[in-house]
Amino acid sequence: MKTEKTTKKSDNDNKETIIVFGAHSDDFVIGAGGSIAEYVKEGKKVIAIALSFGEKSHPWLKEKIIKKTRLDETFEAGKILSCKVLFFNLREGHFYEDYQKKGIDQKLLDLLKKERPTKIFTHSQEDPHPDHKAVNNITLELYEKIEKKPEVYIYSVWNPVSFKTQYPTLYVDISKTFGTKLSSLRTFQSQKVHIVYPFVLLVFRAFVNGFKIRKRFAERFFRIK
Ligand SMILES: [Zn+2]
């Protein structure tokens with residue numbers, strides 16, 4: 001199952017395109033939401049890919065209901081950031097297996113060939129979450145198969161990328177879009193039963209990163225390709 005929502009298609013065709021991969025529906029917002037909104041403001045086209053619904057987090061609800069809720073929330077979150085959202089149906093804990101079995105590898109490859117992104121953002125290989133790690137693998141595998149090579153960056157969800165990393169750093173000034181990121185994150189009502197988002201941590205992190213480039217808020221990424 002693949003669902004997508006397009007804002008305005010025709011006027012997007014000549015824009016520089018950026019693609020953000022996330023394992024779960026809210027990862028792209030937590031990891032890169034401010035930068036997504038910032039890039040869109042700069043006139044770029046951003047596509048966020050959520051590879052699963054995160055259906056395991058609410059065992060007492062019917063899977064169908066969760067999927068519908070997650071879809072609605074994630075499209076709403078994407079709307080706030082002004083990016084396009086694509087959903088795929090990988091089962092949590094079975095990412096890589098499903099990725100090949102359901103033919104999603106080919107779909108993503110076709111997407112990358114069509115969109116020719118200049119930058120790709122994905123999870124870190126150091127991330128302890130197995131689904132996040134799998135998405136890092138998937139991204140790098142796709143990278144090897146495309147001709148026009150984009151820059152590839154990793155982002156942190158809750159576990160920060162290690163400080164000792166040798167990769168070059170990219171700071172994106174999100175002073176003007178940090179509020180948009182937080183609004184976007186607030187759309188995930190269904191998650192709130194389980195996790196109260198540590199907004200304080202997000203604010204602190206954005207502040208520390210911003211300090212590095214003498215801006216109010218920033219998001220930090222590491223370039224791995
Ligand atoms: Zn996640």
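Buried is used here for residues under 20% relative accessible area, exposed for those over 50%, and partly exposed for those in between, with a 1.4 Å probe and protein chains only. By that scale E73, at 7% relative accessibility, counts as buried. The model is a predicted one, in which local features need pLDDT of at least 70 and side-chain atom pairs count only at pLDDT 80 or more, while totals for chains, interfaces and linings use all residues. Residues are numbered from 1 along each chain as its sequence is written, and side-chain values use heavy atoms, with hydrogens and water left out.

Helices (H or I, at least four residues) and strands (E, at least two) are taken as DSSP runs and numbered from the N terminus. Seven helices and eight strands are found in the chain. Of its 225 residues, 52% are buried. Contact means heavy atoms within 4.5 Å. Among contacts with a separation of 6 or more, 80% join residues 24 or more positions apart.

Six of its six residues are buried, so β2 is largely enclosed by the rest of the structure. In a regular strand the side chains alternate between the two faces of the sheet. In β2 both faces are covered, with T17, I19 and F21 buried on one side and I18, V20 and G22 buried on the other. Two strands pair if DSSP finds at least two bridges between them. β2 pairs with strand β3 (residues 45-50) in the parallel sense, over six bridges, and T17 stands opposite K45 of β3.

The zinc site comes next. Donors are N, O and S atoms within 2.8 Å of the metal (3.2 Å for Na, K and Ca), and water is not among the atoms, so sites may look incomplete. The protein donors of the zinc ion are ND1 of H24, two OD entries of D27 and NE2 of H132, at 2.1 to 2.4 Å from the ion. Along the sequence, the donor residues follow the spacing H-x2-D-x104-H. Four donors count as tetrahedral if all angles lie between 85 and 135 degrees; four count as square planar and six as octahedral if opposite donors are over 155 degrees apart and all others between 65 and 115; anything else is irregular. Here the four donor atoms subtend angles of 56 to 135°, which makes the arrangement irregular. H24 is buried, with a relative accessible area of 9%, and D27 is also buried, at 3% relative accessibility.

The expected span of a helix is 1.5 Å times one less than its number of residues. With twelve residues, α4 reaches 16 Å from its first C-alpha to its last, close to the 16 Å expected. Its buried residues are I104, L108, L109, L111, L112 and E115. They cover an arc (that of the directions from the helix axis to the C-beta atoms) of only 160°, which puts them on the same side of α4. These buried residues pack against β2, β3, β4, α3 (95-101), β5 and α5 (130-145). Just after α4, R116 takes a positive phi of about 45°; at 48% relative accessibility, R116 counts as partly exposed.

Helix α7 (residues 199-212) tells a similar story from its own side of the chain's sequence. Its 14 residues should span 20 Å, and its end C-alpha atoms are 20 Å apart, which agrees. L202, R205, A206, N209 and G210 are buried in α7. Seen down the axis, the buried residues fall within an arc of 135°, so they line one face of the helix. They pack against α1 (27-41), β7 (169-173), α6 (178-185) and β8 (218-223). The face turned away from the buried side carries the exposed residues V200, F204 and F211. K212, also in α7, is exposed, with a relative accessible area of 52%. Just after α7, R214 takes a positive phi of about 60°.
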